[in-house]
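The exercises below are meant to be worked through with the sequence and the model side by side. Try each task before reading its solution.

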Amino acid sequence: MEVLIPIITMGALSFLFSFGLVFAYKKLKVEEDPKIEEVSEMLPQANCGACGYSGCRAFAEAVVRGDAAANGCPVGGEEVANKVAEALGIKAGEVIKKVVRVLCRGTQDAAKNRGVYLGISTCYASHLIGGNKQCSYGCLSYGDCVRVCPFDALYMGEAGLPVVMEEKCTACGKCVDACPRNLLELHPISQEIFVFCHSLDRGPTARKVCKNACIACGICVRACPEAIVLENNLAKILDYKKIDPETIPDIEKCPTGAIGRLRKDDEG
Amino acid sequence: MIDKTYILQSSPHFKDKDSVPKIMYVVILSLMPSFLTSVYFFRFRAIALFVSCIGACLATEALFLWLRKKPKHSLLDGSAVITGLLLAMTLPPSLSLDRAVIGAVAAIAIGKQVFGGLGHNIFNPALVGRAFLQTAFPVAMTTWIPPAMLKVNTVTFATPLDNLKFQDAVAQGTLTSLKDLFLGNIGGCLGETSALALLLGAIYLFYKRAIDWRIPVGIICALTVFTGIFWLANPDKYASPLFHILAGGLLIGAFFMATDMVTSPITPLGSWIYALGIGIMVGLIRLFGGYPEGVMYSILFMNTFVPLLNRYTRPRILGERREK
Amino acid sequence: MPAKSIRAEYLKGLWQENPVFRQLLGMCPTLAVTGAVINGIAMGLATSFVLIFSSLVISSIKKLIPSQVRIACYVVIIATFVTMADRFLAAFFLPISKSLGPYVPLIVVNCIILGRQEAFSSKNSVGRSLIDALGMSSGFVLALLILSSIREILGSGTFLGHQVMGAWFKPWLIMIFPSGAFITLGILLAIALVIESKAKQRR
Amino acid sequence: MNLSSRMVIVLTSVGLISGSFLASVGLLTKERIALNRQQETEAAIVTVVPGTTNSQIVYEEEGFTVYEGKEDNGNLAGFAIYASGTGFQGKITLMYGTDSSMTKIKFLTIIEQRETPGLGSKITDVEAFLRYWENKDMSSSLTLHKPAASSPEELAPTEVNTITGATISSEKVLEIVNLSLERLRNLKKEGKLSSEEQDAS
């Protein structure tokens, strides 16, 4: 008897509760496409939000609904895009690997400080009071972007500018949002030429506050008028694809180095 | 690469002759009468405790500044000295020095630096140190010696509040006289024995406007009303409000601990609520709690409400409409 | 999930995914029973026993269990092993069983165990689950050992009941109390974070 | 087999298998656990009623048990009373022994307690606390002697000592004992202690 009581109790309880679970399964079932689970499991589960949805699960739901493209996850890249596309039987589309670029060359030596900043040491706080640098468009060097990166793909370089490690960057775009001066942009990894300045100051002012600022002299525009224009005292690449590779040496004649090829020290 | 040395800081920008070190030194100066009376009453023991507490506080502060790579100038702004001074004042004179050092380290490390240093701490660091010691060494922290002036041949010596709580002093008629309480010729923590010395310091603080007057006034009023009700109802069982104000750590707590700028509310209404809370808690603990004294726990308890009080008693911005 | 080497699968429980220091799981026993080393070790071993055996059982019958009743099944299996551990302690190690009090039955709701079943054993082979459970158990025992050593040495001046501090040492009673547990755990977590961020910088 | 019936079958069989495991574990450890408990009680009885070699329960209710202790030669050595109640921080269980006529408390021992280590836990300390309980008069409620006395001689027969710094724990122990003394007196009056009947016969 002593042996039977526990067995009967446990057995009966499990039996009863299993009916509860069957009931719950039948009556309270949430109709959900099993594909959502399937897609969700393929995703990196970083929940970074780079796809524009609140997390990997939400993205999976959107893909299954047809709202998002199979290649919508920038973190997963081509591999995940292909898997997702295969699971759903749709075309993956071409995934262009993007990385983030820091478009400022206001190094410690080039850009002058405005004074001694004693506030909270974040770019955001510094930016609220006009920044610690004389240039009101350049990098503030407090590394908000570095701190926010979930993949440790950024670090603060010796020169006082954040440096991107291409191989770690997943183009999730968190740093882009974190920069109060919008100096970080996502670009295809193959793109080589950038305008490394955001200064809208007029030439003489821009030059005074930072040695590497765009002074809107127009040399680059003359070298490649199809793709580059001047807008608000700043050179702008309208369409990277239209830049003729042969004109690159001419573009690189920029007197301040504000436009040109990516240099070794801009990368990791 | 600095052309002109401007100082860049976000608002509010105070232009005032007060600075952190200046206020801190006012507080240190105001503690001097109590410091001197405790040295008078407890002689070498007092000096040894003060030196070891202040020394340990400074050393811990220095260690943390070095670990966290913070500028060293905040070491000498006086805040660590005050923590050490206040902690020593709340210790029983018989406490061994190594224990005092442990308390001082805990005060700075757990009470202040883990929160991010001066201005970021939630609790009064000196009281955190004392609470740590109270929990770590409950026996040593409740063993008292008589002041050197009194010739009593017992090893242990009860504080006036111990007498009240455990010996039923009101009924026995052995309650410590108010005169002894006022002058400090009693057993107790180093700095809390002499009400006179504490009041002298408090007057100087008021004169310098270094503390918010609402907090001590609120605490004393709340305690007076609370203990007064019971005293009037049954004077044979409960001690008078004046006894409660002069005995134990109430005065030092009300003037020097609860008024700590970092851990007290910033709005007038908030200060009133905070002070009343402390006063009533002290009354509750002393009359009905398990401990004879409750100033330390009352202040620490109300410290936790400070962020909330600051938030809900925030004055309306000029022209702002009340949200519906 | 990329396949890891057996070594890495085991070692991850000790550091990268240490249940206490890195995942902050199983806080109840971690804080409650680490006042003395012997209790810490006993709790660690009892939890390990439950974790290892339930991982073994669950990973071997994972295909049989419909996912709708999996939690119910896991809990029944875990509870069975916990009861076995409890009775075993009460029968053969009475003093330990007494000092652990209600915390042995509470292993049932230790989130390390159900967490590993959900996250690992229900998806991996028996062998891999065993390695994972061994790693997690070692990590948990290690964490409890560190925590309880600090607390017992400072709180009672002893280690496993033997006097280790000289006569000059006065025990810090606070370390035996819950407040001491929280303070010690906080300091250990801070140290773990510093080590981890240093290691990250080096990588 | 459809999913629903599979759910029922799997869960039920898991329950049955667990049940049988538990049953066998319970069976295997049952004797040992009972033995442990018995040994513990016996040890406590021998402490509070010295000379006992054989003991048996004469009255039992929740949290209150009276044991009768007999010497080797069958003479009544005394009674051991097991009582429990709430302390300052948790449950306190204790046992005290009386002489054979139930007039005096002989010894007190604390079986289980969770009082503050170093303060309240001194209730287990013979020097500081327990020796002040020897030979106390059982006919009325006991009281605490405040402040703490330094030797048992200072106390009246109905007084026990306070531990310095742990008044509440001392009070709680006193409360538990006083409560059980009252029960004991009532039981005696009602003649429910079987030994009394034996004596009468």
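**Exercise 1. Determine how many salt bridges link chain D and chain C, and describe the contact between these chains.**

Solution. The count between chain D and chain C is 0 salt bridges, where a salt bridge is a side-chain nitrogen of Lys or Arg within 4 Å of a carboxyl oxygen of Asp or Glu. The model is a predicted one, in which local features need pLDDT of at least 70 and side-chain atom pairs count only at pLDDT 80 or more, while totals for chains, interfaces and linings use all residues. Residues are numbered from 1 along each chain as its sequence is written, chains are lettered from A and ligands numbered from 1 in the order in which they are written, and side-chain values use heavy atoms, with hydrogens and water left out.

Next, take the contact itself, which means heavy atoms within 4.5 Å: chain D contributes 24 residues and chain C contributes 22 residues. The last step is the buried area, that is, the accessible area (1.4 Å probe) that two parts lose on being put together, summed over both. For chain D and chain C this area is about 2000 Å², and carbon and sulfur atoms give 73% of it.

**Exercise 2. Describe the interface of chain C and chain B, and identify the residues that form its salt bridge.**

Solution. Begin with the contact, in which 8 residues of chain C meet 10 residues of chain B. About 780 Å² is buried between chain C and chain B, 75% of it on carbon and sulfur atoms. On the side of chain C, the residues C:Lys170, C:Trp172 and C:Ile174 supply 61% of the area that this chain buries against chain B, more than any other three residues. Finally, the count between the two chains is 1 salt bridge, and B:Asp98 forms a salt bridge with C:Lys170, with the closest N and O atoms 3.1 Å apart.

**Exercise 3. Find where D:Met102 and A:Asp152 lie, and decide whether each is buried, partly exposed or exposed.**

Solution. Helices (H or I, at least four residues) and strands (E, at least two) are DSSP runs, numbered from the N terminus. D:Met102 is placed in the loop between strand E4 (91–98) and strand E5 (104–112) of chain D, and its phi is near 60 degrees, a positive value in a residue other than glycine. Buried means under 20% relative accessible area, exposed over 50%, and partly exposed in between (1.4 Å probe, protein chains only). D:Met102 counts as buried because its relative accessibility is 6%.

A:Asp152 belongs to the loop between helix H6 (144–148) and strand E3 (154–156) of chain A. A:Asp152 also has a positive phi, of about 55 degrees, although it is not a glycine. With a relative accessible area of 32%, A:Asp152 is therefore partly exposed.

**Exercise 4. Describe how domain 1 and domain 2 of chain A are arranged.**

Solution. The domain assignment, whose bounds come from an automatic or database source, gives domain 1 (34–88) and domain 2 (98–266) in chain A. Their centres, taken over C-alpha atoms, are separated by 32 Å. In the contact, 5 residues of domain 1 of chain A meet 5 residues of domain 2 of chain A, and the two domains bury about 390 Å² between them, 69% of it on carbon and sulfur atoms. Across this interface of chain A the rule finds 0 salt bridges.
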